[in-house]
Amino acid sequence: MQIADHIQTPVASPSAAHSRFWQRLHRRYADMLGILPPAVPDRVAMEQALQALLHQGLDLSAALRVLRQLVMERLMVLDCDRKADLHAVTSAVTVLAELVLDRACLHVRQELDSRHGAPTSPGGQPVPLWIIGMGKFGARELNVSSDIDLIYIYEHEGETQGLADGRGKISNHEYFGKAVKAIYALIGDTTEHGFVFRVDLALRPHGNSGPAAVSLSSLEDYLQVHGREWERFAWLKSRVVAPRSEIQAPNVQALRSVVLPFVFRKYLDYNVFDSLRTLHRQIREHAARRSAGHPERANDVKLSRGGIREIEFTVQLLQVVRGGQFPELRCRPTLEALQRLARANLMPQETAEQLAQAYTFLRNVEHRIQYLDDQQTHVLPTRDDDLEWIAHTMDYADTHSFLRQLDTHRELVAQEFDTLLGGNQTCQSGMCNGPRTVSGASSAPDLESLIEQLPPLMAQRLLEWRENPKVRGLRDEARARLFRLVQQAAQRVSQGSLEETNAIRFIAWLEPLLRRESYLALLLERPSVLERLLHLLGAAKWPARYLQQHPGVIDELASDQLFTERFNATDFEQEMALRLAALESTGEDDDENLLNLLRRAQHAETFRTLARDVEGFITVEQVADDLSALADSVLRVTAQWCWKRLKQRHREDPLFGIIGYGKLGGKELGYGSDLDIVFIFDDDDENAPEIYTAWVRKLINWLTVKTGEGDLYEIDTALRPNGNSGLLVTSFKSYADYQQQRGSNTAWTWEHQAMTRARFVVGNADLGKRFDSVREAVISAPRDAQSLKAEIVSMRERVRSAHPVRGELFDVKHSRGGMVDAEFAVQFLVLSQSAQNPELLGNVGNIALLQRAEAAGLLPAQIGQAAATAYRELRRIQHKSRLDEGNGLVVASSIAAHRDAVLALWEAVFSD
């Protein structure tokens, strides 16, 4: 065959020339090798080369095969001599596969349409064919001798249009079945030019016994009814790879909506640990059988211990377990997924980097093994010269140093994989798991035998399970898990490390979760989580109730960083942006998904703070700081998302502000606190009032509506100008005039008291500065001290009368000498004295303000400090009481000193 004179044959490669495959290519295609330019082949270069081959008279089948040979020769040279990186090689092979499938599909469809007409839906619409690439193909990670795992899906059942004379009509099922066979013949059959790709359809619904192509509805039915756990790993990396015209088509979203819920479950899913153990055991057993009598086969860089497959399993397991709740973990390429897992604190950064290095090393070795003879093998060669060549092309001085590095990487991979699945290694990542087998029902007793083993109160409680339909309806595997968890709690009771009443609380916590079997698996997979959970459930009632409402948060107990870190607003908001981007990339960013995303994130952060609080790692003040910072972040993120989705949006960035009052404004939020907020805007657009009102209504709905994941916050806007009768959102000018007593409609004294704790939380930065100026002007305005004093004392009495306390008990908040007395005293000092003492203008909290007032001489010596100490202790008592769902009532004598300190403050401030 004659090739155009301008095509130059590349210079022989001294390294790649060792490959028998390379030698065959040069013998057969020496005069064609220059068709490809010297750089890494991309789609444009491959299409041009294909056109050149077709122009020389080759038919499509031959041209595709020759193109494959040219690409492989070029990659061998670039990889072995010019050290092209792994991504360049795998991307080029993937692009080749996409190109040949696209051309084959178009060719076959044209031919079938000429005989049968185009396939149509019952409504007469054209029916597309989607070729799904699975595994390495889907992840754009094909190796140089990969087969391609494909699944063929067509959108609708129906029939073809037939020919003009009425002949040729067949069902869509038959049409696409013919298409699959014809595509295979074009790329999979072996001819004089070899093959293009080996094709494997075994991953399709029902495997090799299923039809070659299935409709989208059939796929959905299969995944819902018959889909197995291991198939979730297969579909994890799936994507539409051909035809090219369909990859970004809008109706592909229908396919994603079927696949994504199958791969990523709504709740944290630990059932997959057992499935992966079984799958991996089968793979190792198969590898062992293959190597029996053939010891050289034990050196399989893909399937042997510490091989490529174990890195992929490690990554995919963590993605499948948590990807349903954390969409930022959803990505196909292994190396990218490792970095995402590290960013999410699911894997130490050092481990992720080590696994990435091992993966790159092993994949490069795999390619060199395949370069030798173009065989789909992953076993190290036994010939010394082949091993030396591999070592040399990977820049090792000799075979020994190469093999030593290979062993180092494989040992690290094996240790990480065994640790993840419950091996005997020491856990360093918080991901340690329980026994290798947790599914066998034989290792757990039946209910009657279990009851006989339990302490009396636990046994009595479990008698109720005899008639509990949820317990009786459990699968044997799930019931075995449940009974083992009860056994473990009973063992702790007998050892004295757990109170029996707390074990009963654990049983009560388990009961509503029996239909969510993955939580039972989680607790057995992670003994450290069970240990911490039992402690939290026994610590107080509110944590137990929170865990009941949001059981998914228990996964947070596995983190080693749980007790060493605190809430970080920047990190939280970056994570939310990543999760949003992940949902947008798959078209899942509808309102419901975003609402649930916000709730899961807020619940997880609240729980982290709760765990640190209960375990004594942070103070009451730090709890309030972190919960307040979390509320700020949630408001900021929700406000941004709502604005972006507002139909009436008239500018990219809204000119608005959210002002926090009360506990939010004073950064004193507790668990379950509502948010006192006021909305303002400063926008000259003629429709601004209507636009910002619509936005605020949407924002409040997003914050308060209850979804399957619960809600975020209760919102109280009663502190806006004119209270509940006023506008929901106020222009900044109207707000400033109202607060600064300009005009006939002005604020009351109690609203100025609230202003002492007001804070600009979210919004336009310039508007925030202007609010701060108004706030300072309001609280430092001239006032008649006696009139102010009378109003505040009167207000205090009204508040106290609304919260009567009977008997000898003391309400740490409302009784005389309680927290409200201290807060009202501080508000009086700020409103009456801040003009002369600007250090009181800052919204720094009651404790700091009391200390500043004493330092400024506004309080007698020690009065302010004693009241500050008392206030801190009363907050601590109130906080502890609320954690146990108490009402803040204590025996008066137990806090007499603190009560007296606050009463002394009241006397010093309000006595004439």
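## A tour of the predicted model

The structure holds 22 aromatic pairs. Rings of Phe, Tyr and Trp (its six-membered ring) count as a pair if their centres lie within 6.5 Å; planes under 30 degrees apart are stacked, over 60 edge-to-face, and the rest tilted. This is a predicted model, in which local features need pLDDT of at least 70, side-chain atom pairs count only at pLDDT 80 or more, and totals for chains, interfaces and linings use all residues. Residues are numbered from 1 along each chain as its sequence is written, and side-chain values use heavy atoms, with hydrogens and water left out.

**Stop 1: an aromatic pair.** Select Tyr154 and Phe176. Their ring centres are 4.7 Å apart and their planes lie at 15°, so the pair is stacked. Tyr154 belongs to strand β3 (residues 147-154) and Phe176 to helix α6 (residues 172-187), so the pair ties together parts that are 22 residues apart in sequence. Helices (H or I, at least four residues) and strands (E, at least two) are DSSP runs, numbered from the N terminus.

**Stop 2: two backbone details.** Select Arg140, in the loop between α5 (135-138) and β3. Arg140 is not a glycine, yet has a positive phi of about 60°. Then go to Pro243, in the loop between β7 (239-242) and α9 (252-263). The peptide bond leading from Ala242 to Pro243 is cis, with omega near -10°.

**Stop 3: α11 and α12.** Two packed helices are described by the angle between their axes and the distance between the axes. Axes are lines fitted to C-alpha atoms, for helices over the stretch in contact, and angles run from 0 to 180 degrees between N-to-C directions. Select residues 308-322 (α11) and 334-343 (α12): these helices pack at about 50°, with axes 10 Å apart. They are therefore oblique to each other; angles under 35 degrees count as roughly parallel, over 145 as roughly antiparallel, 65 to 115 as roughly perpendicular and the rest as oblique. Which residues of α11 and α12 meet? Ile311, Glu312, Val315, Leu318 and Gln319 in α11 meet Thr334, Ala337, Leu338 and Leu341 in α12, where contact means heavy atoms within 4.5 Å. These residues divide into 6 nonpolar, 2 polar and 1 charged. Ala, Val, Leu, Ile, Met, Phe, Trp, Tyr, Cys and Pro count as nonpolar, Asp, Glu, Lys and Arg as charged, and the others, Gly among them, as polar.

**Stop 4: α13 and α15.** Select residues 349-373 (α13) and 399-420 (α15), whose axes come within 10 Å and cross at roughly 130°. That angle makes α13 oblique to α15. Residues to display include Phe361 and Leu362 of α13, with Phe402 and Arg410 of α15. By class, this contact has 9 nonpolar, 5 polar and 2 charged residues.

**Stop 5: α33 and α36.** Select residues 819-833 (α33) and 896-910 (α36), which pack at about 30° with axes 9 Å apart. That makes α33 roughly parallel to α36. Asp821, Ala822, Phe824, Ala825, Phe828 and Leu829 in α33 meet Val902, Leu903, Leu905, Trp906, Val909 and Phe910 in α36. The contact has 11 nonpolar, no polar and 1 charged residues.

**Last stop: confidence.** Colour the chain by pLDDT, the predictor's confidence in each residue, from 0 to 100. The protein chain averages 90, and 94% of the residues score at least 70. Over residues 1-12 the pLDDT is below 50, and this stretch has 20 contacts in the model beyond near neighbours in sequence. Residues 424-442 are also below 50; that stretch has 55 such contacts.
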